[in-house]
Amino acid sequence: MRYFIQFSYFGKAYHGWQRQPNAITVQQVLEESLSMLLRAKVDIVGAGRTDAGVHAKEMFGHFDFSEIENRADLVNRVNSYLPADIAITDIFRVANSSHARFDAIERTYEYWITQEKNPFYIESSHFIWSTLDVDAMNRAAEILMEYKDFECFSKSHTDVKTFICKLKKAVWEKKGDKLVFTITADRFLRNMVRAIVGTLLEVGLKKIEPEGVRAIIESKDRSQAGASVPAKGLYLTKVLYPENRTK
């Protein structure tokens, strides 16, 4: 039987989601915890990858196992065993053909900026002391929506087959004491969000004009875009599936 697992994590201690040969990852910790409690080897396929230090408020994966009679009890037992920075929200039965990665139709990320020194955001946001022109940053974000090929924001020498991503939202908003960039698309390239944020910050700092983003995108050259911002400010916040693929 196939099950979806819904979970979240604070990424500081981990070298991303996907297993690595010489580094601790979220996938490894989660698989080892489930395997121990279910007394069988469990392999989890995640909805996507997050890089080292990136957080996830909502992440999904799938795994195959025989019938689990009391899933709520399993959630509680796994949570009691997991470290404090990983938490399971739910485990639920899905169709055997459901796939956590390939069935996802939309993903949303947030990037958090703080502009006042705050010790409680040291590990969870990127501090920018300079004044930012948020209106200009939003004008540049609107230009992103006109394009689909984002090779200029992709990690160099990546093995992806296509750089096409369909953006549905890209906007900066003031939320309480944070400046938050929200971006939604059907898929994302490695390092894409952090490179976009770094580029838009250059607009906000008046190093480039909003219209300059067009030339960067059309260059398809990573060296033309801004530097990647730190991973600690990035959050995967939502993964969307067709209704018939989840509960």
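Is His62 buried or exposed? Select His62: its relative accessible area is 4%, so it is buried (under 20% relative accessible area; over 50% is exposed, in between partly exposed; 1.4 Å probe, protein chains only). The model is predicted, with local features needing pLDDT of at least 70 and side-chain atom pairs pLDDT 80 or more, while totals for chains, interfaces and linings use all residues. Numbering starts from 1 along each chain as its sequence is written, and side-chain values use heavy atoms, without hydrogens and water.

**His62 and its surroundings**

His62 sits in strand S3 (residues 55–64); strands (E, at least two residues) and helices (H or I, at least four) are DSSP runs numbered from the N terminus. Show the backbone nitrogen of Ala100, which the His62 side chain reaches at 3.0 Å. Then display the contacts of His62 (heavy atoms within 4.5 Å). Beyond four places in sequence, they include Arg2, Tyr3, Asp43, Val45 and Ser98.

**The core**

Next, select Leu34, Phe63, Leu144, Phe150, Phe153 and Phe181, which touch the most other members of the 78-residue largest nonpolar core. Such a core is a set of buried Ala, Val, Leu, Ile, Met, Phe, Trp, Tyr and Cys residues joined through side-chain atoms within 4.5 Å. Helix H4 (residues 192–204) gives this core its largest share, 8 residues. Centre on Leu34: apart from neighbours within four places in sequence, its contacts are Ile5, Arg39, Val42, Ile44, Phe63, Leu74, Val78 and Ile91.

Move to Ala47, Gly48, Arg49, Arg101 and Phe188, the closest to the centre of the largest pocket among its 33 lining residues. On a 1 Å grid over the protein atoms alone, a pocket is an open set of points where a 1.4 Å probe fits, with protein on both sides within 12 Å along at least five of seven lines; lining residues have an atom within 4 Å of a point. The volume of the largest pocket is about 880 Å³. Its lining comprises 17 nonpolar, 7 polar and 9 charged residues.

The second largest pocket holds about 250 Å³. To find its centre, select Gln20, Thr50, Asp51, Ala52 and Arg190, the closest of 13 lining residues.

**Ala231**

Finish at Ala231, in the loop between helix H5 (212–219) and S9. Ala231 is buried, because its relative accessibility is 11%. Show Ala52, Gly53, Val54 and Arg194, which Ala231 touches beyond four places in sequence. A C-alpha to C-alpha distance from Ala231 to Thr131 reads 21 Å, across 100 residues of sequence.

Key:
A polar contact is a pair of N or O atoms within 3.5 Å; within protein, one must be able to donate a hydrogen and the other to accept it, and residues adjacent in sequence count only if both atoms are side-chain atoms. Grid points are joined across faces, edges and corners, and a volume is the space filled by probe spheres set on the points. Ala, Val, Leu, Ile, Met, Phe, Trp, Tyr, Cys and Pro count as nonpolar, Asp, Glu, Lys and Arg as charged, and the others, Gly among them, as polar.
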